[in-house]
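Here are my notes on this model, point by point. Please read them with the structure open.

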Amino acid sequence: MALGTGFLVFKIFSWLDNRHTHTRRIPIVSLCYCFLLAYLAETYFGIADITGAYVAGVVLCNLSDAEYIERRVDISSYMVFAPLFFTGIGLKTSFAAMDIKLLFFSVCFVLTALFGKIIGCGLCAKMSRFNRHDAYKIGLGMMTRGEVALITAQKGLAAGLLTSEFFTPVILLILTSSIITPILLKREYNKHPTD
């Protein structure tokens, strides 16, 4: 269904794009289309809203005005949507249930997730004939977690698959990986620059 409607929407957007090149209409209609697909994906198909937004991005990325749309939507994203999203997630995070057992679990959870990415992605890069240092850099680069992990954890929380006390270790993983990844990557690139 996404392919058929995506092709039709692409044709409509191409017509709009040719008629109103570099006007505010295109980013506004694009944003509305993204919200519509996100809503449809969640409400009618039972999948994460981020999937619908991704499909909208795939359809719109082939337009000749794609870079213009991206530049315009980025402003709204950083000024409005990202702060609201992270504030909503932060309000659901509670450290009230944090005790020594949960702290120990959180540390083990974070270390397992970080080393799992380094080992898994690094080994795949090595099998793809990257040298040892570049494979390690790929593993480090893949170590970070972000919005998708937050959205997945939030969906698990809403569905009752994840309790609120185990939501906190996920937040700690995202914070730790977001802080530590660029530091380790910079150190590795300084030690072993890529040709």
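1. Main core. The largest nonpolar core has 11 residues: V9, F13, L16, I26, Y33, L37, A56, V59, L60, L63 and I69. A nonpolar core here is a set of buried Ala, Val, Leu, Ile, Met, Phe, Trp, Tyr and Cys residues joined through side-chain atoms within 4.5 Å. Buried means under 20% relative accessible area, exposed over 50%, and partly exposed in between (1.4 Å probe, protein chains only). Two or more residues of this core come from each of α1 (2-19), α2 (25-43) and α3 (49-60). Helices are DSSP runs of H or I with at least four residues, and strands are E runs of at least two, numbered from the N terminus. In soluble globular proteins, nonpolar side chains tend to be buried together.

2. Basis. The model is predicted; local features need pLDDT of at least 70, and side-chain atom pairs count only at pLDDT 80 or more, while totals for chains, interfaces and linings use all residues. Residues are numbered from 1 along each chain as its sequence is written, and side-chain values use heavy atoms, with hydrogens and water left out.

3. Which residues does I26 touch, leaving aside its neighbours within four places in sequence? They are F13, L16, D17, H20 and I69, where contact means heavy atoms within 4.5 Å. Another core, of eight residues, lies apart from the largest one. Among its members are V110, I118, M143 and L185.

4. S30. This residue sits in helix α2. S30 counts as buried, at 2% relative accessibility. A polar atom of its side chain lies 2.7 Å from the backbone oxygen of I26. Beyond its neighbours within four places in sequence, S30 is in contact with F13, L60 and I69.

5. Salt bridges around K155. There are three salt bridges in the structure; the term means a side-chain nitrogen of Lys or Arg within 4 Å of a carboxyl oxygen of Asp or Glu. E42 pairs with K155, the closest N and O atoms being 2.6 Å apart. E42 lies in helix α2 and K155 in helix α7 (residues 147-159), so this bridge ties together parts 113 residues apart in sequence. K155 also forms a salt bridge with D49 (3.9 Å, N to O). E42 is partly exposed at 34%, K155 at 30% and D49 at 28%.

6. D134 and K137 meet through their side chains in a salt bridge (3.4 Å, N to O). These two are three residues apart in helix α6 (residues 132-141), separated by about one helical turn. Both D134 and K137 are buried. Through shared partners, salt bridges join E42, D49 and K155 into one network.

7. Surface patch. I100, L103, V107, L111, F115, I119 and L123 make a nonpolar surface patch of about 690 Å². Patch residues have over 30% relative accessible area and no salt bridge; like charges are joined within 9 Å, and nonpolar side chains (Val, Leu, Ile, Met, Phe, Trp, Tyr) within 5 Å. Areas come from the Shrake-Rupley method with a 1.4 Å probe; for residues, only the protein chains shown count as cover. V107 is found in helix α5 (residues 100-127). V107 is partly exposed, with a relative accessible area of 43%.

Definitions and conventions. Polar contact = N/O pair within 3.5 Å; in protein donor to acceptor, adjacent residues only side chain to side chain.
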